[in-house]
Amino acid sequence: MNGLGVAHLTALELAPELFAREAARAGFSSVGLRLHPAMAGGIAYPLAPGSQALQQLKATLDGEGVAVNEIEFVELKPQVDVAGFASLLESGAQLGARCLTVSGDDPEPSRLVDNFAALCHLAAGYGLRVDLEFMRWRHIGNLQQAVALIAAAGQDNGGVLLDALHLFRSGGNAAAVAQLDRRYLHGVQWSDAPAQAPTGEGILREAREGRLPPGQGQLALSELLDALPPEVHWSVEVPCAASDASARLRQAFTGTRTWLDRQTLS
C-alpha cells in the first residue's frame with residue numbers, strides 16, 4: 001500500500017481545489033474527485049478538458065503533492081450515452097487520474113455488459129481503468145454480480161472497486177474476497193459501521209452520511225485486510241454529517257492510520 005487516499009464523498013461539500021488542500025493537510029496522498037454526479041441532481045464539480053479551472057486544480061494538486069486516483073461517478077443506466085463521457089475521461093487523464101468509478105444500474109444484463117465493455121474501451125484510450133462499485137440498492141448489488149459483469153465484458157482495464165461497507169451490507173465477507181481473481185480487484189475503500197444494518201431509507205443515509213472510521217465500528221475489517229493483495233489501492237470513504245469537512249478529513253486519516261498500525265502490531 002503506497003500512501004492512503006480519500007474519496008470525495010468524505011467531504012463532498014468541498015470543491016476539488018479546497019478538497020485537495022484539506023486532504024493533504026490531513027495526511028492523504030491521493031484523492032478521488034466527483035466530476036460527474038452519482039445521481040440526478042447530485043453534487044458534482046465538472047471540469048472541461050484544458051480549461052483554466054482544470055489547469056488551476058492541477059497546479060494545486062502538484063503543489064500539495066496529491067495525486068488523483070479515481071474520477072467519479074457514472075451510472076450505467078439503460079439510456080446511458082457512453083460516447084458522451086469522452087470529455088470526462090479526457091479531463092481525468094489531464095489530471096493524472098488512474099480510473100473511473102461506475103455503478104451497474106441496468107436490469108438488462110446483456111445491455112449492461114455491452115455498455116460496460118464500451119466504456120472500458122473508451123477509457124483505455126485515455127489510459128484509464130473502469131472500476132465497478134457495487135451497492136445493494138443498485139442492480140449490481142454484490143461482489144458476485146460485479147465480478148460476473150466484469151468477466152462477461154472481457155476488458156483488461158475493467159475491475160472492482162471494493163467498498164468495505166457495501167461488501168458487508170450486501171452479505172459479502174472476506175472469504176469471498178480472498179477467493180477473487182486478483183486481476184479483478186483494483187481498489188478498496190475503508191469505512192466502518194455498527195454490526196446491525198439499518199433498514200429502509202436508513203440504508204442510503206448510512207452510506208452517504210453515517211459512516212465511521214475503521215476500527216470504530218463492528219465490521220470484520222481485519223479479516224478483509226488479510227484477504228487483500230498488497231497492490232490494491234487503499235482509500236478512505238467516511239462521510240459523516242456530525243462534523244465539519246476539515247475535522248472529518250483529519251479524523252478519517254488519523255482513525256484509519258491508528259487502526260492500520262494496530263493491525264500491523266497484532
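Modeller: Let us begin with two tryptophans: W190 and W259 are both buried. Please bear in mind throughout that this is a predicted model.

Colleague: What makes W190 count as buried?

Modeller: The term requires a relative accessible area under 20%. W190 has 0% relative accessibility, and therefore counts as buried.

Colleague: Which aromatic cluster does W190 belong to?

Modeller: W190, W234 and W259 form one aromatic cluster. The structure holds three aromatic pairs, among them W190 with W234 and W190 with W259.

Colleague: Why is the pair of W190 and W234 called edge-to-face?

Modeller: Two values decide the matter. Ring centres must lie within 6.5 Å for a pair, and planes over 60 degrees apart count as edge-to-face. The centres of W190 and W234 are 5.9 Å apart and their planes stand at 85 degrees, so the pair is edge-to-face. This pair links distant parts of the chain, since W190 is in strand β7 (residues 185–190) and W234 is in strand β8 (residues 233–236), 44 residues apart.

Colleague: How do you know whether W234 is buried or exposed?

Modeller: The relative accessible area of W234 is 13%, and W234 is therefore buried, the limit being under 20%.

Colleague: Let us turn to helix α5. How do you know that its buried residues lie on the same side?

Modeller: The buried residues of α5 (residues 143–153) are L143, A146, V147, L149, I150 and A153. They cover an arc of only 160 degrees around the axis, which puts them on the same side of α5.

Colleague: What covers the buried residues of α5?

Modeller: The cover includes α4 (109–124), β5 (129–133), β6 (158–163), α6 (164–169) and α7 (174–178). Apart from neighbours within four places in sequence, A146 is in contact with L132, F134, I140 and V160. A146 and F134 are twelve residues apart along the chain, and their C-alpha atoms are separated by 6.3 Å.

Colleague: What makes N142 a cap of α5?

Modeller: A side-chain oxygen of N142 lies 3.2 Å from the backbone nitrogen of Q144, and N142 caps the N-terminal end of the helix. A polar contact requires N or O atoms within 3.5 Å. After α5 comes G154, whose phi is positive, near 65 degrees.

Colleague: Which backbone oxygens does the side chain of N157 reach?

Modeller: That side chain reaches the backbone oxygen of C120 at 2.8 Å and the backbone oxygen of L128 at 3.0 Å. N157 lies in the loop between α5 and β6. At 13% relative accessibility, N157 counts as buried because the limit is under 20%.

Colleague: How do you know whether S51 is buried or exposed?

Modeller: S51 has a relative accessible area of 18%, and is therefore buried, the threshold being under 20%. S51 lies in the loop between β2 (30–34) and α2 (52–64). A polar atom of the S51 side chain lies 3.2 Å from the backbone nitrogen of L54.

Colleague: Finally, what radius of gyration would a compact globule have, and how does the protein stand against it?

Modeller: With 266 residues, a compact globule would have a radius of gyration near 18 Å; the protein has 17 Å, which agrees. Of these 266 residues, 54% count as buried. The fold contains ten helices and eight strands.

Conventions: Residues numbered from 1 in each chain as written. Predicted model: local features only at pLDDT ≥ 70, side-chain atom pairs only at ≥ 80, totals over all residues. Heavy atoms only, no water. Buried < 20%, exposed > 50% of the residue type's maximum accessible area, 1.4 Å probe, protein only. Helix = DSSP H or I, 4+ residues; strand = E, 2+ residues; numbered from the N terminus. Arc of directions from axis to C-beta. Contact = heavy atoms within 4.5 Å. Polar contact = N/O pair within 3.5 Å; in protein donor to acceptor, adjacent residues only side chain to side chain. Phe/Tyr/Trp six-rings, centres within 6.5 Å; stacked < 30°, edge-to-face > 60°. Rg over C-alpha atoms; globule rule 2.2 N^0.38 Å.
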